[in-house]
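Q: Could you take me through one part of this model in detail, namely the nonpolar core and the aromatic rings in it? I would like the cut-offs along the way.

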Amino acid sequence: MSKKLFFQAIIKFLLGIVLVGLLVFLPSGTLNFINGWIFMGILFIPMFIVGIIMMVKNPMLLQSRLDAKEKQKEQGLLIKLSGLMFIAGFIVAGLDFRFSLLPLPPLVTYIASFIFLLSYIMWGEVLRENTYLSRTIKVVENQKVVDTGLYGLVRHPMYTATIFLFLSMPLVLGSLLSFFVFLIYPVLIVFRIINEEKLLEKELDGYIEYKKKVKYRLIPFIW
């Protein structure tokens, strides 16, 4: 583990806290937004723990997760649209709380928080199973097809986990309006997967055979 990687990870982590905090609490007009604090806690505490584990056990995986520069034009566009969705979703959640537009009962927040944490565990398990994962679409030297564990059920368990993560976020924040905004995410993921699999078929040995073995992309028996 290099000092450069350590400081890069810490800086991005702190910037993430500041950015999300501003997006959530500024529109709400107050720091007395309990749902906002619950969300910040369940998002950044597990993120910090997972980051420490990767830093110690697999710094190369951490480096690849920090690399967010997407070279493919189509994927770059989808990432930008996802970013706009996040910004809009958090702002809407804050405004929803501020003006009591379509608030959700506390029980929804508790259930959504539980789903969020389970999805985080799934996300961590996917990282453990597939050390080739990066935030950008690419095939690295000597990369092999992973077909065990969750990859034996669906071809893209990471995206399955992130869909549950991101759809539970607005519910943790107690905002139905924000949930409608975040419904854009599964649509973007479908386009991302279709584009990604074209690359994997061309550049990753054994991926075509893997597709025949594992037929479903995101959810078993559905798609």
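A: Happy to. Let's begin with helix α6, where 14 of the 16 residues are buried, buried meaning under 20% relative accessible area, exposed over 50% and partly exposed in between, with a 1.4 Å probe and protein chains only. This is a predicted model, in which local features need pLDDT of at least 70 and side-chain atom pairs count only at pLDDT 80 or more, while totals for chains, interfaces and linings use all residues. Residues are numbered from 1 along each chain as its sequence is written, and side-chain values use heavy atoms, leaving out hydrogens and water.

Helices here are DSSP runs of H or I with at least four residues, numbered from the N terminus. The expected span of a helix is 1.5 Å times one less than its number of residues; for the 16 residues of α6 that should give 22 Å, and the end C-alpha atoms are 22 Å apart, which agrees. Just after α6, Gly 174 has a positive phi of about 75°.

Now the core itself. The largest nonpolar core has 51 residues, and Val 24, Phe 39, Phe 90, Trp 123, Met 169 and Phe 182 have the most contacts inside it. Helix α6 (residues 157–172) gives the most to this core, with nine residues. Such a core is a set of buried Ala, Val, Leu, Ile, Met, Phe, Trp, Tyr and Cys residues joined through side-chain atoms within 4.5 Å. Leaving aside residues up to four places away in sequence, Val 24 touches Phe 33, Gly 36, Phe 39, Phe 90, Gly 94 and Leu 173, a contact being heavy atoms within 4.5 Å.

Next, the rings. The structure holds 18 aromatic pairs. Because the rings of Phe 39 and Phe 116 have centres 6.4 Å apart and planes at 70°, this pair is edge-to-face. It links distant parts of the chain, with Phe 39 in helix α2 (residues 34–57) and Phe 116 in helix α5 (residues 106–129), 77 residues apart. Phe 39 and Phe 116 are both buried. Phe 86 and Tyr 185 make a tilted pair, at 6.5 Å centre to centre and 55° between the planes. Phe 86 sits in helix α4 (residues 73–99) and Tyr 185 in helix α8 (residues 184–203), so this pair ties together parts 99 residues apart in sequence. Rings of Phe, Tyr and Trp (its six-membered ring) pair if their centres lie within 6.5 Å, with planes under 30 degrees apart counted as stacked, over 60 as edge-to-face and the rest as tilted. One aromatic cluster includes Phe 39, Phe 86, Phe 116 and Tyr 185.

Note on methods. Helices (H or I, at least four residues) and strands (E, at least two) are DSSP runs, numbered from the N terminus.
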